[in-house]
Amino acid sequence: MLHLEQLSLNIPETSKPRVVIIGGGFAGVNLTKYLPDDQFQVVMLSKQHYHGFWPLLYQVATAGLEPESIAEPIRKLFDDRKDFHFRYVRVTNINPATKTVTTLIGDVQYDYLVIGTGTKSNYFGNEQIKQNSFGLKNLTDAVNLRSQLLQSFEQANITKDPELRQSLLNVVIAGAGPTGVELAGSLAEMRQHVLPRDYPGLDFRLMNIYLVDGLDRVLPPMSPESSKNTHQYLEELGVNIKLNKLVSSYDGETVTFKDGEQIKTQTLVWAAGVAGATIDGLPPETVERGRYLVNHFNQIQGFEDIFAIGDIAVMKSEKWPKGHPQVAQPALQQGRLLGKNLVRQLRGQAWEAFNYFDKGSLAIVGRARAVADLPGNKSLKGFFAWVAWLFVHIYYLIGFRSKLIVMTNWLYRLFTYQRGTRIIIQPYVHAEDKAGQEYIRQHVSE
Ligand SMILES: Cc1cc2nc3c(=O)[nH]c(=O)nc-3n(C[C@H](O)[C@H](O)[C@H](O)COP(=O)(O)OP(=O)(O)OC[C@H]3O[C@@H](n4cnc5c(N)ncnc54)[C@H](O)[C@@H]3O)c2cc1C
């Protein structure tokens, strides 16, 4: 049994500059790669002990990939470094006066502090939706959603109640950004090619996949042309798209929209918005709409030794008046540049200002159905966009083992439409659902 008061961060003393990085996402991990081990001590504090490749998270949720194939333990990523210290812990406070960050098990001092905490789901203050819906932000979310979907099919297969069956077969996805679109497309392909074979007694024409958004088009961050093509692909796959539609409540059984329409479902997936994961302690004027305001060196407004990088940072420029898009590339590029700038600092050289290199964006709806917005206002769709998507994502996956597993799975699925991981490892019930917990205890666990 661990007692909090007996724990400490246990970071060794050092004569080198200590860089404390909060978060092991794209930004924090890439920064670490550019800080030479013999010149800096790096302390990484993260509330997840793995580094995940989130663009493929929906594949875990829909049983296309194993969780392990899209994530690496942070310790393994840097096991060749001597002065890298990872602690699996949440940071609760920053104290710039004492140059200290506070965690649940103690404090650590920094010479440079880098905040790379990314975002969390935004429920716009609606606690009921937060309690009852499924998020898709990390591996736990994805495995929970996978369990929920598979359990729903199992239950739909055995219930005598047609209303309950319908609500088990309805899936509502709130948010038609890339996550919502990719999840909806993947579920639609599963409905078409996989589920009827698994459950021959169930009529999957009854399964409805609703994709809902408050805006007037799907994939709003991408070009209107890509939105239009995506809309068409989703319709071809039988996804029920509802635009200009806001969810107002969800009690675990019924989604109610602002216009009064209701849909009975056991599964609402919340992909409708994110908010920056800020940490207490910095002055309120450093935060704008949930992100830290930074200059072109990623220094947080008013500080020379505290930086924010990636999704949590908002760096305004003429070209990006609202800051960069909250996607992987700005996080990777800011991490790399900050690493190089900290090395320049040691050498007494001038710092380089950040200049975002936009490589374009891609989204996938299904096999041979993808869209791409390329630099120079060009777009791509269909088979070629899908192949581009496939290669870009494999290329960026970290670690040889992951690449091999992902590539093999994809090739296998390409020819068979199979989903290899349709396994309920951890039966899922909402914390509140006492009857569900009792059912699992009596009928499944024992
Ligand atoms: C489902 C999904 C799909 C996506 N698809 C794409 C895509 O196709 N293409 C694309 O470019 N981008 C995509 N993104 C966005 C992309 O993943 C983010 O832009 C990127 O992860 C940002 O990197 P980051 O390092 O800023 O934050 P993150 O990768 O979110 O990392 C944040 C880190 O901070 C840690 N943390 C947070 N708070 C604390 C705290 N208080 N204490 C300690 N640690 C903390 C977290 O545990 C995590 O390790 C997707 C995101 C999701 C969730």
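Student: How many residues surround the ligand?

Tutor: First, this is a predicted model, where local features need pLDDT of at least 70, side-chain atom pairs count only at pLDDT 80 or more, and totals for chains, interfaces and linings use all residues. Residues are numbered from 1 along each chain as its sequence is written, and side-chain values use heavy atoms, with hydrogens and water left out. The closest include Ala27 and Asp311, and the number surrounding the ligand is 27.

Student: Which backbone atom lies 2.9 Å from an oxygen atom of the ligand?

Tutor: Let's look at polar contacts, meaning pairs of N or O atoms within 3.5 Å. A polar side-chain atom of serine 46 sits 3.1 Å from a ligand oxygen. At 2.9 Å from a ligand oxygen, the one you want is a polar backbone atom of aspartate 311.

Student: How many residues of the shell around the ligand are charged?

Tutor: Asp, Glu, Lys and Arg count as charged, Ala, Val, Leu, Ile, Met, Phe, Trp, Tyr, Cys and Pro as nonpolar, and the others, Gly among them, as polar. The shell has 13 nonpolar and 11 polar residues, and the charged ones number 3.

Student: Is arginine 289 buried or exposed?

Tutor: Arginine 289 has a positive phi of about 45° although it isn't a glycine. Buried means under 20% relative accessible area, exposed over 50%, and partly exposed in between (1.4 Å probe, protein chains only). With a relative accessible area of 73%, arginine 289 is exposed.

How values were computed. A residue is near a molecule or strand if one of its heavy atoms lies within 4 Å of it. A polar contact is a pair of N or O atoms within 3.5 Å; within protein, one must be able to donate a hydrogen and the other to accept it, and residues adjacent in sequence count only if both atoms are side-chain atoms.
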